[in-house]
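Good morning, and thank you for making time on the agenda.

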Amino acid sequence: MSTSQGFYRSRIAGTGSYLPEKVLTNKDLEKLVETNDEWIRERTGIVHRHIVAEGEYTSDIALKASHMALEQAHKKASDIDMILFATVSPDQVMPNTACVLQEKLGARDCMAVDISAACTGFVYAMTIADQFIKTGMYKTILVVGAEVLHKYVDYTDRDTCILFGDGGGAAVVTRATDDQDSYVYSSHCHADGSIGDLFVLPAGGSKMPFTQQVLDEKSQYVRMKGREIFKHAVRTMSQCCDEALKANNITPDDVAWVIPHQANVRIIEAVAKHFGIPMDKVVVEIEDMGNTSAATVIVAMDKAIKDGRIQRGQNILLTAFGAGITSGSLLLRY
Ligand code: ACO
């Protein structure tokens with residue numbers, strides 16, 4: 001399908017997701033730090049998170065999700081023109097995890113790149129995919145959001161260790177044909193580096209390579225100003241959603257489902273309240289997975305597609321915020 005401006009339109013042809021088998025419950029965390037199940041449920045909405053097994057990596061999670069997405073899209077790995085892999089927990093710094101996934105999938109020679117935008121990663125990657133489809137450059141793009149975050153969490157720090165988990169999802173994005181009532185309307189992405197210190201992982205880059213001092217100071221783990229992030233999360237996701245609706249002259253009533261980043265159910269409820277959207281039109285899967293950063297939006301979307309909540313022809317609004325601080329929204333007709 002091409003627009004009046006002569007661009008092609010992109011659509012999500014298939015999705016998949018995978019959460020590792022091993023589960024870390026709130027009760028398990030009670031044994032590690034001074035916390036309790038009731039506090040975690042009430043303050044975050046999280047009941048448990050999934051943790052990879054020994055020898056299971058971010059690319060393995062992505063591989064499982066990608067196979068499912070390709071199958072649903074009726075595509076083969078050899079059809080993929082580009083792999084966009086949103087993650088802040090790559091298998092290793094080099095080579096990028098998109099290339100690792102390309103090899104594991106048996107995909108052909110194609111552009112394969114990681115997108116680092118923390119929890120907004122999937123929305124950012126979808127935005128990039130949409131542009132490559134729009135211009136006619138590519139026809140089939142694999143967009144992945146996958147993380148193994150539990151390895152970046154200090155299990156003596158109750159502020160952070162209760163929040164994060166591992167998991168991943170994938171979407172096959174293709175060029176929409178004229179007979180398909182299914183397309184991306186628009187996306188709206190932002191960044192504000194001036195408040196980047198709200199959520200950081202200090203070590204492992206060129207600024208702070210690994211040393212004994214890093215390990216002694218636990219700088220290999222995430223550090224977070226939770227209360228401040230909370231405020232910015234509500235503000236940025238609400239603004240990004242407003243932008244998406246305004247740009248397309250669509251009201252909240254026209255939206256069947258909102259799929260926000262799953263960081264804290266209270267953040268999600270505040271965003272829904274901002275719109276006057278009832279919570280039964282919001283996909284919430286945080287209970288089962290915690291915050292899986294770039295994976296949350298696509299995992300939640302895939303779950304809602306597989307259990308029949310999301311139907312073809314519905315308007316779906318994705319929104320996320322993350323370290324950076326990055327934020328974004330993407331409105332699509334599924
Ligand atoms: N168990 C029990 N008590 C706790 C715990 C815990 N795990 N953690 C903190 N507390 C205590 C605090 O010490 C504090 O005690 P005090 O009142 O005696 O000082 C009390 O609970 C309240 O602490 P707050 O920090 O005010 O709790 P809040 O309601 O803000 O919830 C939370 C904290 C869950 C971290 C919330 O602020 C939040 O979700 N923020 C956003 C975090 C986030 O999204 N991070 C990632 C963003 S980027 C990305 O997604 C990659």
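**Pockets, sheets and a cavity**

Let me start with the largest pocket, whose lining by class comprises 17 nonpolar, 10 polar and 3 charged residues. Please bear in mind throughout that this is a predicted model.

How much space lies in the largest pocket? The volume is about 840 Å³. Its lining is made up of 30 residues, and those nearest the centre are Thr 87, Val 88, Pro 90, Ser 116 and Leu 201. Both domains take part here: domain 1 (10-175) and domain 2 (183-333) each supply at least three residues to the lining of the largest pocket.

I turn now to the second largest pocket, with a volume of about 700 Å³. Here 29 residues form the lining, and Asp 159, Leu 163, Met 224, Gly 226 and Arg 227 are the ones nearest the centre. Several elements give two or more residues to this lining, namely α2 (37-44), α6 (158-161), α8 (226-247), α9 (265-275) and β12 (315-322). Which of the elements provides the largest share? That is α8, with 4 residues. By class, the second largest pocket is lined by 14 nonpolar, 8 polar and 7 charged residues. Its lining, too, draws at least three residues from each of domain 1 and domain 2.

Next, the two domains themselves. The domain assignment gives domain 1 as residues 10-175 and domain 2 as residues 183-333. Taken over C-alpha atoms, the centres of domain 1 and domain 2 are 14 Å apart. How many residues of each domain are in contact with the other? There are 52 residues of domain 1 in contact with 48 residues of domain 2.

May I now direct your attention to the sheets. One of them is an open sheet of 5 strands with mixed pairing, in the order β1-β7-β6-β4-β5. Its edge strands are β1 (10-18) and β5 (111-115), each of which pairs on one side only. From one strand to the next, the twist averages 15 degrees.

Within this sheet, strand β4 (residues 82-86) and β5 run parallel and are joined by 5 bridges.

Two helices deserve mention here. Helix α3 (residues 58-72) lies across β1, β4, β6 (140-148) and β7 (166-175), and runs at about 130 degrees to β1. Helix α5 (residues 121-134) also packs on the sheet, where it touches β1, β4, β5, β6 and β7. The direction of α5 makes about 170 degrees with that of β6.

We come to another open sheet, this one of 4 strands in the order β8-β13-β12-β11, again with mixed pairing. What are the edge strands? They are β8 (183-191) and β11 (257-260), and each pairs on one side only. Direction ignored, neighbouring strands of this sheet are turned by 10 degrees against each other on average.

The pairing of β8 with strand β13 (residues 326-333) is antiparallel and extends over 8 bridges. In that pair, Ala 191 stands opposite Thr 326 in β13. Helix α8 packs on this sheet and touches β8, β11, β12 and β13, its direction making about 145 degrees with that of β12. This is the α8 that gives the largest share of the lining of the second largest pocket.

A search of the whole structure for cavities of 30 Å³ or more finds 1. About 50 Å³ of space lies in the largest cavity. Which residues line the largest cavity? They are Val 258, Pro 260, Ile 268, Val 271, Ala 272, Phe 275, Ile 277 and Val 282. Two or more residues of that lining come from each of β11 and α9, and α9 gives the most, with 4 residues. By class, the lining has 8 nonpolar residues, with no polar and no charged ones.

To close, I would set two linings side by side. That of the largest cavity has no charged residues, whereas that of the second largest pocket has 7.

Thank you for your attention.

Note on methods:
Residues numbered from 1 in each chain as written. Predicted model: local features only at pLDDT ≥ 70, side-chain atom pairs only at ≥ 80, totals over all residues. Heavy atoms only, no water. 1 Å grid on protein atoms, 1.4 Å probe; cavity = no way out; pocket = protein on both sides within 12 Å on 5 of 7 lines; lining within 4 Å. Points joined across faces, edges and corners; volume = space filled by probe spheres on them. Nonpolar A, V, L, I, M, F, W, Y, C, P; charged D, E, K, R; others polar. Domains from an automatic or database assignment. Pairing = 2+ DSSP bridges. Axes fitted to C-alpha atoms, helices over the stretch in contact; angles between N-to-C directions. Contact = heavy atoms within 4.5 Å.
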